[in-house]
There are 2 protein chains.
Amino acid sequence: MCELLGMDCNTPTDILFSFTGFSQRGGRTGPHGDGWGLAFFEGRAVRAFLDASPCAESPLASFVCSHAIKTMMAVSHIRQKTRGRVKLANTHPFVRELWGRAWVFAHNGTVKGLPRVKTGRFVPMGDTDSERAFCALMNRVARRFPTQPEDPAALWGYIAKVAAEIGRRGTFNFILANGDALFARCDTKLCFVERRAPFGRATLKDQEVSVDFGAVTTPRDRVAVVATAPLTVDEVWTHGEPGTLWVFRKGRLAATLRSRA
Amino acid sequence: MCELLGMDCNTPTDILFSFTGFSQRGGRTGPHGDGWGLAFFEGRAVRAFLDASPCAESPLASFVCSHAIKTMMAVSHIRQKTRGRVKLANTHPFVRELWGRAWVFAHNGTVKGLPRVKTGRFVPMGDTDSERAFCALMNRVARRFPTQPEDPAALWGYIAKVAAEIGRRGTFNFILANGDALFARCDTKLCFVERRAPFGRATLKDQEVSVDFGAVTTPRDRVAVVATAPLTVDEVWTHGEPGTLWVFRKGRLAATLRSRA
């Protein structure tokens, strides 16, 4: 299995604190040593750092940790492979373009029977069930909405529905982001924390690091962090009910949708 | 204007030597300080390092230069903007997926009147003429060849034809790569060198660095390097005739096509 990390903010924020703890699970405090990736949005575009080596030992991960890249939205994944060998094409998060926006996807779980599911114009580059599930989801969204719908709720509801259908085929925890909204589906295991004023102190679970968010934020800042398992020991994380799709926008939970067939 | 760099090999090779000289033109020996990008293929997938800051001062460029990432195919670009402000979405090379392959594109020149050209399902994320030209080209290729054609020459000829059409609208030097072939179109300025046994010594033009390729290669290795201007002072670079499309495969020039309307 793998672990997921997502961040959505209303002001450019660096993901260093969360990523520092998370990255330790990639081969040090956790067994997820089969590659990692971290994608940062800048508007509609994204920069993805991907590496097929263990995150905890990756020079690229060290580089990312030593340069506080600020972003409004980020998605990360550390992989412990179930299907598909260790190679770049199998490394999450996966990226595709739709409506002139980058869409980024990372998955935790295994989904079966996907070769029979149409992916249309979105063709997998690698051989994971995860990328195929992403392509199938993107194909459905692109067919239903040839352009970005004016009503965001229509899109959100449709993603919840399609995710429920794909989710019937196995375990389908995922983070999907397009620079406008961050979608997080809890199938078996996912949680989030919203950080907002008054900001307190938080201490990582996986490394002896703590930060006083009050000293590095303004009262208007809002940051939502989603992860497979809580990253800090002294914050209140909300655990998802199986079959839930959370939608985050501008650093807050904008919707909680049922995503179960 | 901008500068282009491409590499195509028959064995995994690092692009450090060429990129070291090239990167100096990004704000030090050349004026191209409006961002840079470097994309490395691994099979059908690609890793792109992108930065909107000058290449010669970029910590990410230093990282890339200090870690010899080996690849069979790479595309790089340093930008001196003509259209579109400095931001990630306007930073070359641009990436899209077709047929389960990453396609990577970098452009030197300015193309006009593109808003009237259809881009179909490939929608620009930024506001450069370059990304729009890439999307228009990809749309034509995807419509003509819904799947990868068995005869590669059919694809090559079609790309030469469409590039000629788009090229009528301005200056259209580009490098396009999909992991299988690297296409380089010379409109006004582009050159290449093929390195093969017996390997000699080469000295960079932009920095006091030289390398003895004989010491770091095997006799079967082949590497083709394409660039806007020669990167070395002691190798024979072939300069392109205006309206030529070169196709490189496995480190050698596979075809020279006419690409002029």
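Leaving out neighbours within four places in sequence, A:Ile175 is in contact (C-beta atoms, placed from the backbone, within 7 Å) with A:Leu4, A:Gly6, A:Val75, A:Ala106, A:Leu182, A:Ala184 and A:Val226. This is a predicted model, where local features need pLDDT of at least 70 and side-chain atom pairs count only at pLDDT 80 or more, while totals for chains, interfaces and linings use all residues. Residues are numbered from 1 along each chain as its sequence is written, and chains are lettered from A in the order in which they are written.

**Nonpolar core**
- A:Ile175, B:Ile175 and B:Ala184 touch the most other members of the largest nonpolar core, which has 152 residues.
- Such a core joins buried Ala, Val, Leu, Ile, Met, Phe, Trp, Tyr and Cys residues through C-beta atoms within 7 Å; buried means 20 or more other C-beta atoms within 10 Å of the residue's own.

**Sheet in chain A**
- Six strands form an open, antiparallel sheet in the order S5-S6-S7-S8-S14-S15, with strands being DSSP E runs of at least two residues and helices H or I runs of at least four.
- S5 and S15 (252-258) are the edge strands, each pairing on one side only; pairing takes at least two DSSP bridges.
- Five bridges link S6(A) to S7 (residues 173-177) of chain A, and A:Asn173 is the bridge partner of A:Asn108.

**Chain A against chain B**
- Here 23 residues of chain A are in contact with 23 residues of chain B.
- On the chain A side, S3(A) gives the largest share, three residues.

Definitions and conventions. Contact = placed C-beta atoms within 7 Å. Buried ≥ 20, exposed ≤ 12 C-beta atoms within 10 Å, placed from the backbone.
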